[in-house]
Number of protein chains: 2
Amino acid sequence: MINIQKSKRSMKSNFNYDDFVFGVQPTDHILLCNYKDGSWQSPSIMPYADIKMSPMSLCLHYGQTVFEGMKAFRQDNGQVIIFRPDKHFRRFNASLERMCMPAVEQDLFIEGIKELVRLEEHWLPEEQEINLYIRPFMIATEPRLGVKVSDEYLFCIVCTPMGLYYSEPVRLKVETEFVRAAEGGVGYAKCGGNYGAAFYPAQQAKIQGYDQVIWTDAKTHEYIEEAGTMNIAIVIDDRLITPKLSTSILDGVTRSSIIQIAKDLGMIVEERKVQLQELIDEFQSGKKIEIFGVGTAAVISPVKCINILGTEYYPYTANDATMFKLKKQLNDIRKGRSSDKYNWNWFI
Amino acid sequence: MINIQKSKRSMKSNFNYDDFVFGVQPTDHILLCNYKDGSWQSPSIMPYADIKMSPMSLCLHYGQTVFEGMKAFRQDNGQVIIFRPDKHFRRFNASLERMCMPAVEQDLFIEGIKELVRLEEHWLPEEQEINLYIRPFMIATEPRLGVKVSDEYLFCIVCTPMGLYYSEPVRLKVETEFVRAAEGGVGYAKCGGNYGAAFYPAQQAKIQGYDQVIWTDAKTHEYIEEAGTMNIAIVIDDRLITPKLSTSILDGVTRSSIIQIAKDLGMIVEERKVQLQELIDEFQSGKKIEIFGVGTAAVISPVKCINILGTEYYPYTANDATMFKLKKQLNDIRKGRSSDKYNWNWFI
């Protein structure tokens, strides 16, 4: 049972749907649940507000923070769905386990999200392409300066409106000096440390004229792993090729969905190691190659230029590219225009 | 100029010096300084209290947090010194640069620490072996859900009393599956992510009967890097051997001090790659080998057992071991009993 205290008035009245920056405006409520003495306390949904923290809270010092990100959509018939919260739930707990943080029950996670989205669904207009970005996260709150696994945690869920994220085709640089994650590390977990560690290499790539980097493996720098904060996929002929999951690659929910959709469209899907040299050879053979990022924010982020070991190559990004078919099909499922045969849509 | 608002009464009266857990009791004040619109605001020292934060503060999501840890001591003559704050200052800024966080000025960092320690020096008793642990840290505070470099930060300094940290000889396991840091990553930075990522491997080692792990390089797992959250050093004959600094190894201040002291004692210091096979060969030759962790907390942490690739070896830890001579000399310098020829002691 979630204790609910409703906000007296909605911040929506001051929100300009036609002109806003993503991630700045929270919706009206926040779900809060504390972990103490070995168990989760009762969750509450409260009016969104700042939280009080000890400056010695372990999360501010030793990186025990984990988050998820997913979306709710209003379908054409007006109903609101949450996209694959069960898969996000499993990944959240996998991240928590790697960070020595306590698991959350499916009930707390999914019912918490549903309850919160029920309260906030009026933020989803009927007529506009706006969805609700949902951010569950957990932080270590024990106030203690020693390096230790926290005995206290706070689990929160917040939401923020998200516009139609039109992703300009991007220029990427294959990174062979800096490393995001190594096999045996925490690259597969959605812990804060992975993101902060990636800012500097991304800034360096920007200075060199690229929008983001494509990470390579820490051992040999010969295989591609992820692009910025997205998974990466390649289309050659009727094949969808994407790096195989490992402890250094995030198990993206959009990645998983796009793979399934590609199979359903009759494509051959290859989840395997992808060598830089293979890409170079394909480009040099003059083949039509599509490369794109795959993630929650943009769904598909087309790559128009890729720098591999100092040489720029130009993947195919015209309107008839396969990636846009995949994107449209995923969108059609979410909006209720196409059959949802894997039960990805969870109605609130 | 630091604005100072003194606490009305000290929490020291309720603090039991004879029985306390490290890191739980803050002293009476906290230094706070905000970064906004591209510059640092005026710093304040305030009575220690909780801070208010947005649940969307970037540090709770993307790991932009950096800290330092150093100590203040009361010397035999009653004067209070801070140990090598200049070296901690340089490392703090090196960490901040890697995490795309704004540098702090030496004045803010060192004068801030001095001013705070002046207010708290009554926490350092004349008669007991208590020192003051000083924790400067910076966190990203911009409230924003998108993955981005923060435009707002909070720099804080807090202190906590620390007892004579007697370190029982430890049992360590050489880790060849999990990875703390890779070359090209953030291992050399004191960012939160490095610590949270190390908890799980350490827990697994504990289950197997070891106190901590010794990390090996992410590429080959053939070379040792660090021990738990300390640097590692080895003494064979009159040689002090320690892994050479790299982007995956922390530039420890105690490491640097012990290296200098070893040189001053006429030892040969070798900063270089240290292969597991070399250690195995030395143990198998029957040589007397000392292995120890080197860090701010325990200064020297003797290793009594090391598991290398499944076999346990037993380094030398008797009272006449060289590591204890190094530790005593470092302590003598801090306490004013031995000449401080490198100006490591900064008087408040």
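A polar contact is a pair of N or O atoms within 3.5 Å, and within protein one must be able to donate a hydrogen and the other to accept it. In this predicted model, the side chain of Glu68(B) makes such a contact with the side chain of Arg91(B), at 2.8 Å. Chain A superposes on chain B by a rotation of 180 degrees, with 0.0 Å of shift along the axis and an RMSD of 0.0 Å. The two copies are thus related as by a two-fold rotation axis. The same surface serves both copies, as 100% of the contact residues of chain A recur in chain B.

- Glu68(B) sits in the loop between β6 (65-67) and β7 (70-74) of chain B.
- Its relative accessibility is 0%, so Glu68(B) counts as buried.
- The side chain of Glu68(B) also makes a polar contact with the side chain of His88(B), at 2.8 Å.
- Leaving aside neighbours within four places in sequence, Glu68(B) is in contact with several residues, including Phe92(B), Phe109(B), Tyr133(B) and Lys190(B).
- Ile134(B), Arg135(B) and Pro136(B) are also among the residues in contact with Glu68(B).

**Aromatic pairs**

- A search of the whole structure finds 36 aromatic pairs over all chains.
- In one pair, the ring centres of Phe15(A) and Trp123(A) are 5.8 Å apart and the planes stand at 55 degrees, so the pair is tilted.
- Phe15(A) lies in the loop between β1 (3-4) and β2 (29-36) of chain A, and Trp123(A) in the loop between α3 (106-120) and β9 (131-140) of chain A, so the pair ties together parts that are 108 residues apart in sequence.
- Phe15(A) and Trp123(A) are both buried.
- The rings of Phe92(B) and Phe109(B) have centres 5.3 Å apart and planes at 35 degrees, so this pair is tilted.
- Phe92(B) belongs to helix α2 (residues 85-98) of chain B and Phe109(B) to helix α3 (residues 106-120) of chain B, so the pair links distant parts of the chain, 17 residues apart.
- Phe92(B) and Phe109(B) are buried.
- In chain A, ring pairs join Tyr35(A), Trp40(A), Phe89(A), Phe92(A), Phe109(A), Tyr153(A) and Phe155(A) into a cluster.

**Charges over rings**

- The charged end of Lys288(A) sits over the ring of Tyr316(A), 4.4 Å from the ring's centre.
- In chain B, the charged end of Lys288(B) sits over the ring of Tyr316(B), 4.3 Å from the centre.

Note on methods. Residues numbered from 1 in each chain as written. Chains lettered and ligands numbered in written order. Predicted model: local features only at pLDDT ≥ 70, side-chain atom pairs only at ≥ 80, totals over all residues. Heavy atoms only, no water. Helix = DSSP H or I, 4+ residues; strand = E, 2+ residues; numbered from the N terminus. Buried < 20%, exposed > 50% of the residue type's maximum accessible area, 1.4 Å probe, protein only. Contact = heavy atoms within 4.5 Å. Least-squares fit on C-alpha atoms with pLDDT ≥ 70 in both. Phe/Tyr/Trp six-rings, centres within 6.5 Å; stacked < 30°, edge-to-face > 60°. Lys NZ or Arg CZ within 6 Å of the ring centre and 35° of its normal.
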